[in-house]
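Visitor: I am new to this structure. Could you walk me through how to read it?

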Amino acid sequence: MYGQVGEEGRIGRKDANFHGLRNIRRLADIPDKKQREEVERGLEYGLEAAPSVQDRTISTFSRGHQPAFAGINTFLKAPYVENVHEVGRHEVAVVGAPFDMGTTYRAGARFGPQAIRRISALYDSYSVDMAVDLQEELDLVDVGDVFVIPSNIEKSFDQIDRAVSFLAGEGVFPVVLGGDHSIGYPDVRALAQTVEGKVGIIHLDRHLDIQERDMDERMHTTPWFHATNIPNAPPTNLVQMGIGGWYGSRPGVKVARERQTTVLTITDIEEVGVEKAAEVALEVAWRDADAVYLSFDIDSVDAGFVPGTGSPEPGGLLPREALKLLRLIAREGLCGMEVVEVAPPYDVGDMTALLACRAVMDVLGSLVGEGKLGRHKREPARGEEPPPPAPA
């Protein structure tokens, strides 16, 4: 009978197999080693709790994930690597690029990395929906922020390039928290140096950002013109998704047409669906390429959900659509990613920073779930079929 839970934990008929029930079984095989180590470290470094506290895993000074509102925040409260020369011991490094001197409308994205890190404390690393535990299955660290030069775009680009190329050269997957979208150019410039073949780019945005100059400078409206001038990052491997609205596309349309980039408007995604749009994007970006870079502009999402951005535009992706699209793209593997244009001065209740944080977590979760990142390989339990790919 439907609505009843049987002996095997299934709902309804025996052939029902919901993601949740399947994922709960998969999560049982993931150890809690790092969680236990965190508790032990907290008690050692932060003193045991007062005698009246019954939970003896709690320390006097907050040294772990809890309370979410306490502590000095890194991304997901991951370990902070002060000596960047040691970063090669790890798998993923979060780095902030707090630069917003390339904006053409509202500034404030320089505070994006701080906001994303702060709200990331809300989350732990455990996802029933994706059957992944990032803390246990991924060696993630935070290396802090790039020292950008507020008054100079080109010097800041050089600093970001140097930082990201160093991380990638050490074999670490870089996650760049922006900052405005001008940083897309130095990010790709950095990664292209570490990839022998071609680099494809998948760019989620409401704006094309591919004109050569804006107000006589390389601004946040120009990164993909300059990125696709890099010899091994050709424009034919650039896919721009979610484009639309009434702002900033006139100069870019001409360039996109001349350079034969692939442009999928928000109407395209609405009509063909997220799955098909992701399929097209992956086919184009990976064509004869050795790596693909992901650029997620938070303004690709409808402005009603992400008010804290420099150039808000109604009518974009819904958050659930955006997250699904990111997960589908990440399944095939990436060489790095960026999340840009989170401008906390205009945010409401940290909504924009929260979605940016989720974007990073969902991408990393997909990479772990598909075996592209992560050291812990999950084996099926005895008598159980190998687990299917993590749900999109």
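Guide: Gladly. Let us begin with a definition: buried means under 20% relative accessible area, exposed over 50%, and partly exposed in between (1.4 Å probe, protein chains only). With 27% relative accessibility, E370 therefore counts as partly exposed. This is a predicted model, where local features need pLDDT of at least 70, side-chain atom pairs count only at pLDDT 80 or more, and totals for chains, interfaces and linings use all residues. Residues are numbered from 1 along each chain as its sequence is written, and side-chain values use heavy atoms, with hydrogens and water left out.

Visitor: With which residue does the side chain of E370 meet in a salt bridge?

Guide: Side chains of opposite charge can pair when their charged atoms come close. A salt bridge is a side-chain nitrogen of Lys or Arg within 4 Å of a carboxyl oxygen of Asp or Glu. Here the partner of E370 is R331, at 4.0 Å from N to O. E370 lies in the segment after α12 and R331 in the loop between α11 and β10, so the pair ties together parts that are 39 residues apart in sequence. Helices (H or I, at least four residues) and strands (E, at least two) are DSSP runs, numbered from the N terminus.

Visitor: How many salt bridges does the structure hold?

Guide: There are 16. One of them joins the side chains of K254 and E258 at 2.6 Å, N to O. Both residues lie in helix α8 (residues 250–259), four residues apart, about one turn of the helix. K254 is partly exposed at 47%, while E258, at 52%, counts as exposed.

Visitor: Is helix α11 mostly covered or uncovered?

Guide: Mostly covered: nine of its twelve residues are buried, among them P319, A322 and L323. The buried residues of α11 pack against β6 (198–204), β7 (238–243), α10 (274–285), β9 (289–297) and α12. Contact here means heavy atoms within 4.5 Å.

Visitor: Where is S182, and what does its side chain make a polar contact with?

Guide: S182 sits in the loop between β5 (173–178) and α6 (184–192), and its relative accessible area is 0%, so S182 is buried. A polar contact is a pair of N or O atoms within 3.5 Å; within protein, one must be able to donate a hydrogen and the other to accept it, and residues adjacent in sequence count only if both atoms are side-chain atoms. The side chain of S182 makes one with the side chain of D180, at 2.4 Å.
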